[in-house]
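Please read the following report alongside the sequence and the coordinates.

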Amino acid sequence: LLSVSVAAFLASCRPPLPPDALPACSTTSSDVDRLCIGMRTLLAADCASLVNRSFLEQTICEVGLYNLFSRSAGLYGPRTLRCVLAKGRGPRGGLAQQPAQLAGALVALSTHAIASYFELGVSTGWTAAFVASYLRRFAPADKSFHGLLVDISFRRITSSTSELLDYNRLHRQLRKPNHLAADQRFDLCFIDGDHSYNGVFKDFAEFSISCRLTMYHDVVDFDSAMGDGREGTPRFWADITANAEPADYLEFFQTPGAFPPSFGIGILLRPPKLPFQTGSTKTPSFEYAHLTGPRDTWKTAHRIPALRKNASKHHAGLSLELV
């Protein structure tokens with residue numbers, strides 16, 4: 001477990017916000033109200049609670065996880081399945097995160113004085129709103145926290161979620177070529193866009209130069225590895241870390257009760273030396289079962305649950321053939 005010294009967080013943590021400065025949440029019990037209440041919890045919590053992983057995991061659970069219907073059990077595992085939002089609440093709410101992974105990553109980031117945040121691949125906007133509410137508590141006192149969210153579409157962000165993003169000064173822009181100006185810099189960039197190997201490598205090449213820290217999602221995700229025929233984000237992360245020193249990155253892979261592994265967060269504290277070799281012989285931190293059958297694109301990802309089931313069956317029989 002990552003330990004954070006008392007002196008470190010006392011020096012960097014901003015005091016809790018007073019009630020009249022917190023976002024106003026309605027009492028209609030809608031999904032977005034759960035997000036709003038979660039944000040209020042982070043903004044009003046004492047500093048010791050903010051570096052307590054159990055507290056953060058519980059807060060993430062109370063906000064609710066994105067409902068992936070039949071895939072939820074395999075992705076989240078039995079321990080966190082209770083946190084998944086009910087099916088009837090629609091497709092626009094919930095955190096698509098493993099609570100233990102996100103909690104660990106946030107605690108690690110608390111000591112890095114993040115005042116500017118960039119996120120690529122925003123989806124519903126819930127992760128951005130939640131992460132920003134946490135990071136702003138540790139932003140330097142002389143700086144105003146702000147961020148930029150980029151995606152090819154924002155149609156999945158509701159008007160209520162937009163208000164919460166505005167509260168954290170998170171501006172939205174549709175993606176375009178050469179998106180960031182040459183002199184534009186962010187303390188933290190969260191890359192969660194194209195999950196194909198080529199896609200995430202292009203995002204790395206384009207955005208990493210503008211980021212002091214870079215965080216990647218789905219770096220051990222089975223679906224990403226098996227879904228596009230190029231081993232996706234997990235192979236990219238393996239290549240990156242094979243060209244970096246152990247002190248240059250952090251990994252959060254906890255998937256309690258879930259197999260094959262899902263999600264995964266990797267943080268680059270310093271970029272690797274360029275150029276570096278791709279197609280590394282280093283195996284991903286989780287080794288995947290070699291499964292027969294086509295490695296489909298995301299357009300035919302309905303086959304992925306069957307691959308997951310097959311992987312679990314092989315695992316139970318101790319007959320894994322590791323790649």
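Helix α4 (residues 53-63) packs against helix α6 (residues 99-109) at an angle of about 130 degrees, their axes lying 9 Å apart, where axes are lines fitted to C-alpha atoms over the stretch in contact and angles run from 0 to 180 degrees between N-to-C directions. That angle makes α4 oblique to α6, since angles under 35 degrees count as roughly parallel, over 145 as roughly antiparallel, 65 to 115 as roughly perpendicular and the rest as oblique. This is a predicted model, in which local features need pLDDT of at least 70 and side-chain atom pairs count only at pLDDT 80 or more, while totals for chains, interfaces and linings use all residues. Residues are numbered from 1 along each chain as its sequence is written, and side-chain values use heavy atoms, with hydrogens and water left out.

| Helix | Residues in the contact |
|---|---|
| α4 | Arg-53, Leu-56, Glu-57, Ile-60 |
| α6 | Pro-99, Ala-100, Leu-102, Ala-103, Gly-104, Leu-106, Val-107 |

The residues of this contact of α4 with α6 divide into eight nonpolar, one polar and two charged, with Gly counted among the polar ones.

Ala-141 lies in the loop between α7 (126-135) and β2 (146-151), and Ala-141 is exposed, with a relative accessible area of 76%. The C-alpha atoms of Ala-141 and Ala-113 are separated by 9.5 Å, the two residues being 28 residues apart along the chain.

Note on methods. Helix = DSSP H or I, 4+ residues; strand = E, 2+ residues; numbered from the N terminus. Buried < 20%, exposed > 50% of the residue type's maximum accessible area, 1.4 Å probe, protein only. Contact = heavy atoms within 4.5 Å.
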